[in-house]
Amino acid sequence: MAGEPTVAEKLKNLFELQTIDSKIDEIEILKGELPIEVSDLEDEIAGLETRINRLTDNIAEFDSEISKHRANIKDAEALIERYNTQLDNVKNNREYDALMKELEMQNLEIQLSEKKIRGVEKDKERKAETLAANQERLDRKAKDLATKKVELEEIIKKTEKEEQKLRKEAEKWRKKIEDRLLRAYD
């Protein structure tokens with residue numbers, strides 16, 4: 001019965017553990033919401049980077065589409081030139097009418113491509129504005145993240161040794177307390 005701690009010793013051990021845990025809680029309160037804020041900012045930045053990459057890809061697709069329409073215009077202009085030279089060698093009305101219809105078709109093709117280019121350029125402009133706004137937001141969030149990380153690191157530096165010491169001491173006191181009491185305490 002000599003190895004069995006008394007009720008007073010059990011209570012003293014629990015009190016010591018509670019005192020140490022309270023100090024650890026004070027350190028956690030000092031850190032506050034910073035760890036959560038840092039994590040949230042990192043997640044938000046990752047989302048913004050994904051959005052920016054998607055917008056950049058969309059703009060590249062618009063550029064590709066504009067190039068395709070400009071190539072169509074050049075092809076149509078080349079055909080118009082060819083048809084105009086063929087007009088000089090027309091032998092009958094049917095040939096003339098056919099060439100005139102082809103010329104008209106190519107002119108319509110040019111107008112359609114120009115219209116599509118204007119539409120795509122408007123879409124590209126809107127995406128570029130969205131991209132710029134997202135990039136600006138990303139820059140602000142990155143600055144906020146850097147500031148909060150510095151704050152958190154400073155707090156951690158100040159409290160790290162004390163927190164480690166307290167946690168080790170808490171473990172020592174936990175070993176002195178029987179499991180039933182420890183479970184109830186936790």
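Select Glu37 and Lys148 to begin: their side chains form a salt bridge, 2.8 Å from N to O. This pair connects distant parts of the chain, with Glu37 in helix 2 (residues 34-87) and Lys148 in helix 3, 111 residues apart. Helices here are DSSP runs of H or I with at least four residues, numbered from the N terminus. A salt bridge requires a side-chain nitrogen of Lys or Arg within 4 Å of a carboxyl oxygen of Asp or Glu; by this rule the count is ten.

The model is predicted: local features need pLDDT of at least 70, side-chain atom pairs count only at pLDDT 80 or more, and totals for chains, interfaces and linings use all residues. Residues are numbered from 1 along each chain as its sequence is written, and side-chain values use heavy atoms, without hydrogens and water.

Next, select Trp173 and Lys176. Lys176 lies over the face of Trp173, at 4.1 Å from the ring centre. A charge sits over a ring if NZ of Lys or CZ of Arg is within 6 Å of the ring centre and within 35 degrees of the ring normal.

Note on methods: Helix = DSSP H or I, 4+ residues; strand = E, 2+ residues; numbered from the N terminus.
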